[in-house]
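Q: Could you walk me through reading a helix pair and a pocket?

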Amino acid sequence: MALARNPLVGLVGWRGMVGSVLMERMRAEGDFALIEPMFFSASNPGGTLPAAVAGLAKTDTTLHDAHDVAKLARCDVVITCQGGEYTKAVYPKLRAAGWKGYWIDAAKTLRMQDDAVIILDPVNMPVIQSALAKGVRDYIGGNCTVSCMLMGVGALFKADLVEWMTATTYQAASGGGAAHMRELLTQFGTLNAAVRPLLDDPASAILEIDRQVAATQRGLSAAETKNFMVPLAGSLIPWIDADRGDGTSLEEWKGGAEANKILGRGPGFGAPAVPVDSICVRVGAMRCHSQALTFKLKKDVPLADLEAMIRNDNPWVSYVPNTREATVRGLTPVAVTGTPQIAVGRLRKMALGPQYVGAYTIGDQLLWGAAEPLRRMLRILLEQ
Ligand code: NAP
């Protein structure tokens, strides 16, 4: 169903971390010129739009109640970054009320439903187009780690070269939300303050500094570890999201399930799933997710060919030559953060055999991992 000119687009969750990045990107790309936005709020219905987004409203400057199904049902498209609980509460009521609009969502709630598509158009535009032709109306952003990985090395999957892949992830604090980023920085501050006098004294003993840092980490208060539960600054946490009770985390399960759904593989699709497994680790980075990947390819492909496939897959791949100098400058969260580039490097054949390839990817998880696929889906709808 083609959208009318200037369709009414309901925006929910625009104040959160993903939502704020989405607003920034939509503003930067001129998306608001093509739509009539209607802003919703779960916490301040009836209020007036705050200055940050007030200029984006055209005729309607009221904050509508995000739980008001009748109001939502007026929209041609609803884009929500409000979170999974909101989706669970509102989406079924909206559809039950007969709403036929397009639902674009950042939350995981609907991702694996049969009639929902996980959107990452540079990787799966054919899947999206086929769903649009069939009248599918639910388009859901993927898990940030999966989306960033596929933006970097999707070329190898598209060419059906991958027998299996494993990942060890290095995921940023932002994956948990704004409060997690604040907590990480607060913890760093506490650690620094604890050893400041010793750091200022060049003659102080490093082992004494180390002892005091460890003691401070172990002594962090409940308030200082409220979100991560344990210290993250100067440490890491090799478990992300729920415990599935079978030795895997939910984040690890998403890696395999969502990657295959995005690629249009597995049950319900014509092609078998590619085994993808990982160990997901939270590290003290701000908003870039990094991943060390190991591929077993279906055949021995020259490294130069693999590099060319990855480089040429999409305009956002930033290929980093596998040298020390290029890697330490270009293949780090600090180099990538705030940019739409997905850095791919450390590409090399492994000692395991000619079909085994290692690679490393880094992406800003709030851009390609969250906001960007949502606004691009809106553009796809506007342009169909
Ligand atoms: P978030 O920052 O917690 O925002 C969600 C909502 O919380 C906001 O829309 C806002 O709703 C409310 N809120 C309450 N206090 C707030 C405050 N002080 N500042 C801003 N908002 C506040 O959540 P998020 O990280 O954006 O995630 C939203 C959804 O996207 C989730 O389903 C998440 O799983 C998914 N997702 C997140 C990421 C990520 O990296 N964080 C990546 C991919 C997908 P009201 O304005 O209505 O109160």
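A: Happy to. In this structure, Asp121, Pro122, Met125, Ile128 and Leu132 of H5 meet Trp368, Arg376, Met377, Ile380 and Leu381 of H13, where contact means heavy atoms within 4.5 Å. The contact residues comprise eight nonpolar, no polar and two charged (Ala, Val, Leu, Ile, Met, Phe, Trp, Tyr, Cys and Pro count as nonpolar, Asp, Glu, Lys and Arg as charged, and the others, Gly among them, as polar). The model is predicted: local features need pLDDT of at least 70 and side-chain atom pairs pLDDT 80 or more, while totals for chains, interfaces and linings use all residues. Residues are numbered from 1 along each chain as its sequence is written, and side-chain values use heavy atoms, with hydrogens and water left out.

Q: What about the second largest pocket, and which element gives the most to its lining?

A: Rolling a probe the size of a water molecule over the atoms shows where empty space is left. A pocket is an open set of points on a 1 Å grid where a 1.4 Å probe fits, with protein on both sides within 12 Å along at least five of seven lines; lining residues have an atom within 4 Å of a point. The second largest pocket holds about 450 Å³ of space. H5 gives the most to its lining, with five residues.

How values were computed:
Helix = DSSP H or I, 4+ residues; strand = E, 2+ residues; numbered from the N terminus. Points joined across faces, edges and corners; volume = space filled by probe spheres on them.
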